[in-house]
Each structure stands twice: as structure tokens, then as C-alpha cells.
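Let's take a friendly walk through a protein model, stopping at a few places along the way. Keep the picture in view as you read.

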Amino acid sequence: SCSATQLCNCSSMGLDFIPPGLTGKITVLNLAYNRIKTIRSQDLQQAVNLRALLLQSNEISSIDDDSFHSLGKLELLDLSNNSLAHLSPVWFGHLFSLQHLHLQGNSYRDLGESSPFSSLRNLSSLHLGNPQFSTITQGNFEGIGVLDKLWIDGGNLSQYEPGSLKPIKKINHVIIILKNSNIFSAIVRDLLHSVIWLEVREIKLEIEKRSLVQNSTLPFRIQKLTFKDSSFTDQHISRILVLLKEITSLQALEAIDCVLEGKGEWNTREIAISGQSFVETVSIINIIIPNFHLFFDLDGMGSQVEKLKRLTIASSKVFMVPCNLARHFSSLLYLDFHDNLLVNNRLRETICEDAWPSLQTLNLSQNSLRSLKRTANSVTRLPKLINLDISQNNFGEIPDVCEWPKTLKYLNLSSTQIPKLTSCIPLTLEVLDVSTNNLKEFGLQLPFLKELYLTKNQLKTLPGAAPIPNLVAMSV
């Protein structure tokens with residue numbers, strides 16, 4: 001079935017071996033999800049124009065040394081989820097064009113004595129590791145100069161020789177699954193000068209007081225640190241916040257699907273006296289705090305948030321920010337609180353007088369706001385607000401007039417159950433989204449409006465053109 005075509009799909013066919021008769025015509029060969037146990041020298045010899053070879057999810061336990069010798073044009077090789085107990089540098093010796101290599105989910109415990117990757121000069125992404133993978137030693141990554149993405153499944157990694165990742169001079173994104181937090185510091189030290197974005201998954205962060213940048217010379221390259229599916233205690237949060245300040249290049253911190261054991265009893269004094277943080281962007285998405293009802297108000301953290309420019313706390317049961325703390329966010333331009341528990345009474349305190357003085361973008365979508373008039377009243381205190389998203393709140397009605405910040409240009413009121421539009425909608429708007437409501441007509445005069453979104457309503461006629469003379473785009 002593959003003789004006449006360039007793309008040859010033989011996946012999930014119950015094959016026990018690589019079928020014979022493969023020719024130089026084929027550029028993509030998909031043999032995934034079969035029962036292939038071995039790759040022999042002659043199997044791929046004629047397939048000299050292969051660009052992609054997909055062998056994932058077979059039972060491959062042995063590969064002849066010269067199996068891939070004729071694949072000089074190969075760009076993608078996927079050997080993931082097989083039974084390879086070791087990796088041999090000889091396999092990859094002739095893959096000069098290889099860009100993407102997937103080796104995760106096999107049974108090797110280490111990467112061998114030397115680097116299996118030393119001849120892969122064009123490698124761009126590398127994914128390795130498995131539940132048995134336990135050791136990384138110096139020399140394992142020798143020969144790799146630059147990577148776009150390095151993904152290591154190191155859930156059971158117990159030995160990491162400092163300096164092992166140092167040979168790689170530049171990596172855009174490292175994802176590492178790591179349960180052993182003793183290794184965390186050594187890996188951070190090795191990646192300070194090479195990685196831009198480090199993402200650590202599944203770690204239970206217990207970190208010693210030793211510096212993360214020990215004897216490292218400037219400049220650092222790391223700009224973003226992400227924790228995903230990880231857990232923290234109060235004690236170790238205080239410690240990591242202090243230690244991360246030494247990484248002067250760090251601009252963004254992110255925690256996604258994490259658990260915080262504790263109630264916010266952070267050592268705010270120690271955090272404050274350790275100086276100013278360089279982080280400008282903080283994102284916390286779906287954080288679970290088992291003792292959420294006992295959580296402190298983070299009093300004393302004020303000095304730490306004065307330089308923040310972007311803050312996202314989404315899907316995390318936020319119901320208010322104390323006024324005292326909110327006033328310290330003096331540089332914040334962007335605030336995203338979508339999918340939380342904010343109600344109108346608490347919003348008044350969260351946006352109190354003089355809080356968030358520089359804020360330009362505010363997302364309060366998917367909360368429990370009920371009164372559009374009171375919501376508008378609260379945000380009027382934000383003198384620089386340009387962009388407001390209050391979609392997916394259940395307002396249900398709209399007052400005849402509302403007070404808004406004079407600077408407002410973008411307003412999202414979609415999915416808020418409003419039955420009509422009134423002069424409550426501000427004249428200053430350039431973009432208005434009122435889709436997915438119960439509107440029967442649109443007759444507003446909005447002289448500056450450029451974009452209007454009206455889908456999923458009950459309109460019988462299109463809006464007249466005269467009241468919206470500057471419209472550029474409309475979605476009905």
C-alpha cells in the first residue's frame with residue numbers, strides 16, 4: 001500500500017516487523033502502535049529520503065547498530081514507549097539532519113557512559129526519561145549546542161551530577177518532571193546561563209537554604225520559572241521567594257494546578273529584608289489550598305508587589321484582596337481574576353480608593369458579580385482602566401445610566417443575561433462585546449466604536465449605521 005505514495009501509514013496493523021519493500025519514494029513512515037520487537041540493518045536501508053519515522057508504542061527492545069545509517073535526511077525520529085533498556089550513540093551517528101528525537105517511556109536507567117547525542121548537530125527538541133530513569137552524569141549531553149525544547153521525564157531521578165546539563169549553551173524551554181527536590185537546586189544552577197523558560201512538574205518543593213546561584217557568574221539567561229502539578233508548604237514558599245531574588249534575570253513566575261499546604265504563614269519579615277524582587281509577571285492558575293478557610297491576608301507582603309506589572313490568579317477561589325495589600329500594587333498594569341468567587345460587596349474592598357492606580361486591563365469574567373451598576377461604580381476608581389472583561393457574570397439587568405472610568409475603550413459584557421442595552425454603555429468605547437445575551441435590538445449611539453460583537457442574541461434587524469460611524473468590524 002506504500003509503494004506509490006510518499007506518506008506511508010502502517011500504524012495499528014498488528015505488524016511484528018518492519019515490512020519489506022520500502023523505497024526511496026517514501027518521506028513519512030508511520031509504524032506506531034504495532035508489535036515490532038527489533039529493527040534490523042536492512043529494514044530501512046532503501047528508504048533514503050525519509051523525513052519522519054514514527055515507531056512509538058511498539059515493543060522494540062533491540063536496534064542493530066547500522067539500522068539508521070542511510071537516513072541522512074531524517075528530521076523526526078519517534079522511539080517513545082518501547083522497551084529499549086539502553087541507548088547507543090552508534091544508532092544516531094549518521095542522522096545529520098535530525099531535529100526532533102523522542103525517547104521517553106522506554107526502560108533505560110541512564111544515558112550510558114558518553115553522550116548518545118554527540119553527532120546530532122541539528123537537534124532542536126529532545127524528549128527522554130521514563131519511570132526507571134534514575135541517573136544523569138557529566139558527558140550525557142556533550143555535543144548538543146542549542147535546543148528549542150528539552151523534556152526530561154525524571155520522576156524517579158535520584159542522581160544528578162552537577163554540570164551535566166552545562167554543555168548545552170542555549171535552550172528555550174526545559175520541562176522536567178522531578179520529585180526529588182535535592183536535585184532541583186543543582187539543575188537550576190546548571191541552567192541559569194542557558195535556559196529561558198524552566199518548567200518543573202510534580203515536585204514537592206523542599207529546598208535547603210543554600211544559594212541557587214552559588215559561584216555563578218552573570219549574566220543569567222533564565223527569565224521564566226513554572227511549577228506545575230507541584231506542592232508547597234508555607235515554610236518552603238518563604239524560602240524559595242528569598243532564594244529566587246538572587247536570579248536577577250527572572251521576570252515571570254507561574255504556578256499551575258499546584259497545592260499549597262498551609263495557611264499563608266509566610267516569613268514576611270525575611271522575605272522583605274531580602275530586598276526587591278525582579279519578577280514582573282506572576283500567574284497562579286487553579287491553585288488548591290486545603291485550608292483555604294484559614295488562609296491569612298498576606299499582610300507584610302506589600303513591599304514585594306510594588307514592581308509587579310502583570311498578575312493572574314485564575315480558578316483559585318479568590319473572593320477578595322484586602323484594601324491594604326491592593327494599594328501596594330502601584331505598578332500593576334494587567335490583572336486577571338477570571339473564574340473566582342468575587343461578589344459585589346467584596347469588589348468594593350478589593351478596588352478601594354487608591355488601589356491598583358496604574359491598572360489598564362482588568363478581567364473579572366466568570367465570577368459571582370450580580371449588579372452591573374455596582375460593578376461599574378467599583379471600577380470607576382481605576383483612573384487608567386482601558387480594557388474591562390466582566391463576561392460570564394449573571395447581571396440579568398442593566399441600569400439606565402452607569403458611571404465608568406473616562407479612559408475605558410474595551411468592554412466585554414458577553415454571557416451576562418442582559419435583556420437590552422441602555423445609556424449605561426459608555427460613549428468612550430472602541431470595542432464592545434455583548435454576544436450571547438437576550439438582546440432584541442441594537443440602537444446605541446457610540447461615536448468611537450470600531451468593533452462590535454453581537455452573535456447569539458435575538459436580533460430581528462441589523463444595527464443602523466449612522467449611530468456607529470467608525471465601525472470597522474462587526475460580528476452578528
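## The largest pocket

The largest pocket has a volume of about 1300 Å³. Keep in mind that this is a predicted model. The pocket's lining is made up of 44 residues, and those nearest its centre are Trp-266, Ile-284, Phe-295, Leu-298 and Ile-313. Sorted by class, the lining of this largest pocket has 35 nonpolar, five polar and four charged residues.

Which element gives the most to the lining of the largest pocket? That is α2, with four residues. At least two lining residues come from each of α2 (234-244), β16 (252-256), β18 (281-285) and β19 (310-314).

## A closer look at helix α2

How many of the eleven residues of α2 are buried? The number is nine, so the helix is mostly covered, given that buried means under 20% relative accessible area. Among the buried residues of α2 are Asp-234, His-236, Arg-239 and Leu-244. Ile-237, Ile-240 and Leu-243 are also buried.

Here is a handy idea for looking at helices. An α-helix has 3.6 residues a turn, so residues three or four places apart point the same way.

What do the buried residues of α2 pack against? Their partners are helices α1 and α3 (268-273), together with the strands β14 (224-228), β15 (231-233), β16 and β17 (259-261).

## The second largest pocket

Next comes the second largest pocket, which holds about 240 Å³ of space. It is lined by 15 residues, and Pro-162, Ser-185, Ala-186, Arg-189 and Arg-210 are the closest to its centre. Helix α1 (residues 181-191) gives the most to this lining, with six residues.

The lining of the second largest pocket divides into four nonpolar, six polar and five charged residues.

## Strand β13 and Arg-201

Now turn to strand β13, which covers residues 195-201. Five of its seven residues are buried, so β13 is largely enclosed by the rest of the structure. Strand β12 (residues 170-178) runs parallel to β13, and six bridges join the two. You can find one place in this pairing by looking for Ile-171, which stands opposite Val-195 in β13.

Arg-201 is also part of β13. Is Arg-201 buried or exposed? It counts as buried because its relative accessibility is 17%, and the cut-off is under 20%. The side chain of Arg-201 makes a polar contact of 2.7 Å with the side chain of Glu-199. Leaving out residues up to four places away in sequence, Arg-201 touches Trp-151, Ile-175, Ile-176, Ile-177, Leu-178, Lys-228 and Ser-230.

## Some backbone details

Most residues other than glycine have a negative phi, and most peptide bonds are trans.

The loop between β13 and β14 contains Asn-215. Phi of Asn-215 is positive, near 55°. Asn-215 is exposed because its relative accessible area is 79%, and exposed means over 50%. Pro-219 lies in the loop between β13 and β14 as well. The peptide bond that leads from Leu-218 to Pro-219 is cis, with omega near 0°.

Where is Lys-317? Look in the loop between β19 and α4 (323-326). Lys-317 has a positive phi too, near 60°.

Technical notes: Residues numbered from 1 in each chain as written. Predicted model: local features only at pLDDT ≥ 70, side-chain atom pairs only at ≥ 80, totals over all residues. Heavy atoms only, no water. Buried < 20%, exposed > 50% of the residue type's maximum accessible area, 1.4 Å probe, protein only. Polar contact = N/O pair within 3.5 Å; in protein donor to acceptor, adjacent residues only side chain to side chain. Contact = heavy atoms within 4.5 Å. 1 Å grid on protein atoms, 1.4 Å probe; cavity = no way out; pocket = protein on both sides within 12 Å on 5 of 7 lines; lining within 4 Å. Points joined across faces, edges and corners; volume = space filled by probe spheres on them. Nonpolar A, V, L, I, M, F, W, Y, C, P; charged D, E, K, R; others polar. Pairing = 2+ DSSP bridges.
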